[in-house]
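This report describes the fold of one protein chain and the packing of its elements. The sequence and structure are shown first, and the description follows.

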Amino acid sequence: MNILNIFKLSILYKNTISCGTVLVVFCTLSLLAPQVVLSHVGATGVVKHRMDLMDKLKKEMKSLSSMYKGDKQYDPHLVRHASDIINSHSGNTITKLFPEGSLSEPSEAKANIWQQWDYFVELAEQQHSISHALFSAANNAPEDPSLKTSNMMGVTTNMMSGNLLKDSIDNKVDLATLPSNQVFKLLIDNCSSCHTRFRVAD
Ligand code: HEC
């Protein structure tokens, strides 16, 4: 192999590296680009409005979850701030963005929303009351996760939390008196209940 060939080869090699690098940078950038932008492409009118609202909810839930997971220092002030935003994007503020039959692309809403409208409204309203309770529970330090597995009677907290919402509706439990992470769990469950029933699965 003469020196010219080595030279050519090294140019080729360098080009490969730089092409590769450009590709990696490009891919990384597109991965970092918020997915919402993609899912919102083509969304207009009421569908876009409700997607924007849902994204706001997601952002606040992320901020809350980073505190409950311990990635961020627990801050009651931040909990109240997030709860307040979620609270003002609940109930009627959600349901009015779902006029009957509004399923235009790229909406992921399901048509059963309008067949089970009362239940849809109920879930939107529950978000109102749970976020209100979370606001009030912000000063109740989250329960130590190591204590979570069982209580004195050996009943797991998870099993209990399934009934918490019902008990609060029946006025047997005041959610605002619970450790705030339990209230947060109810809020997550409520988002999921609505999505499971009324949003097309990804
Ligand atoms: C009353 C029902 C209901 C509740 C409660 C609810 N959602 Fe949704 N959500 C929907 C429906 C329906 C869609 C699909 C809307 C569409 O694509 O037209 C949706 C879509 C979304 C999306 C996707 C938005 C997009 O850009 O396409 C996110 C994120 C989301 N919800 C987050 C949340 C979070 C977080 C909560 C809880 C704090 C929550 N939602 C509570 C019904 C609900």
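## Overall architecture

A residue is called buried here if 20 or more other C-beta atoms lie within 10 Å of its own, and exposed if 12 or fewer do. The model is a predicted one. Its protein chain contains eight helices and zero strands, so that the order of elements along the sequence reads α-α-α-α-α-α-α-α.

Of the 202 residues in the protein chain, 20% are buried. When contacts between residues at least 6 apart in sequence are considered, 75% of them join residues at least 24 apart.

## Helix 3

The buried residues of helix 3 are Val47, Arg50, Glu60, Leu64 and Met67. These buried residues pack against helix 4 and helix 8.

The length of helix 3 can be checked against its number of residues. Its 24 residues should span 34 Å at 1.5 Å a residue, and the end C-alpha atoms are 35 Å apart, which agrees. After helix 3 comes glycine 70, with a positive phi near 90°.

## The nonpolar cores

The largest nonpolar core has 19 residues, and those with the most contacts inside it are Ile130, Leu134, Ala137 and Val183. Two or more residues each are given to this core by helix 3 (45–68), helix 4 (76–87), helix 6 (117–137), helix 7 (157–169) and helix 8 (180–198). The most comes from helix 6, which gives five residues.

Another core, of seven residues, lies apart from the largest one; Leu97, Phe98, Ile113 and Ala124 are among its members. Within the largest core, isoleucine 130 is one of the residues with the most contacts. Leaving aside residues up to four places away in sequence, isoleucine 130 touches Leu175, Val183, Leu186, Leu187 and Asn190.

## Helix 6 and its partners

Which residues of helix 6 are buried? They are Phe120, Leu123, Ala124, Gln126, Gln127, Ile130, Ser131, Ala133, Leu134, Phe135 and Ala137. They pack against helix 4, helix 5 (92–95) and helix 8. With 21 residues at 1.5 Å a residue, helix 6 should span 30 Å; its end C-alpha atoms are 30 Å apart, which agrees.

The axes of helix 6 and helix 8 come within 9 Å and cross at roughly 165°. Because angles over 145 degrees count as roughly antiparallel, helix 6 is roughly antiparallel to helix 8. Their crossing is left-handed. On the helix 6 side, the contact is made by Phe120, Leu123, Gln126, Gln127, Ile130, Ser131, Ala133, Leu134 and Ala137. On the helix 8 side, Ser180, Val183, Phe184, Leu186, Leu187, Asn190, Ser193, Cys194 and Phe198 take part.

Helix 4 also meets helix 6: the two axes come within 8 Å and cross at roughly 165°. These helices are therefore roughly antiparallel to each other, and their crossing is left-handed. Helix 4 contributes Val79, Arg80, Ser83, Asp84, Ile86 and Asn87 to the contact, while helix 6 contributes Gln127, His128, Ser131, His132, Leu134 and Phe135.

## The loop between helix 5 and helix 6

Glutamate 105 lies in the loop between helix 5 and helix 6, and proline 106 is found in that loop too. A cis peptide bond, with omega about 0°, joins glutamate 105 and proline 106.

Is glutamate 105 buried or exposed? Glutamate 105 is exposed, because 10 other C-beta atoms lie within 10 Å.

## The loop between helix 7 and helix 8

Asparagine 171 lies in the loop between helix 7 and helix 8. Its phi is near 65°, a positive value in a residue other than glycine. Asparagine 171 counts as exposed, because it has 7 C-beta neighbours inside 10 Å.

Aspartate 174 belongs to the loop between helix 7 and helix 8 as well. It has 12 C-beta neighbours inside 10 Å and therefore counts as exposed. Aspartate 174 and leucine 164 are ten residues apart along the chain, and their C-alpha atoms are separated by 9.1 Å.

How values were computed:
Residues numbered from 1 in each chain as written. Predicted model: local features only at pLDDT ≥ 70, side-chain atom pairs only at ≥ 80, totals over all residues. Helix = DSSP H or I, 4+ residues; strand = E, 2+ residues; numbered from the N terminus. Contact = placed C-beta atoms within 7 Å. Core = buried A, V, L, I, M, F, W, Y, C linked by C-beta atoms within 7 Å. Expected span 1.5 Å × (residues − 1). Axes fitted to C-alpha atoms, helices over the stretch in contact; angles between N-to-C directions. Parallel < 35°, antiparallel > 145°, perpendicular 65-115°, else oblique. Left-handed = near helix turned anticlockwise from the far one by under 90°.
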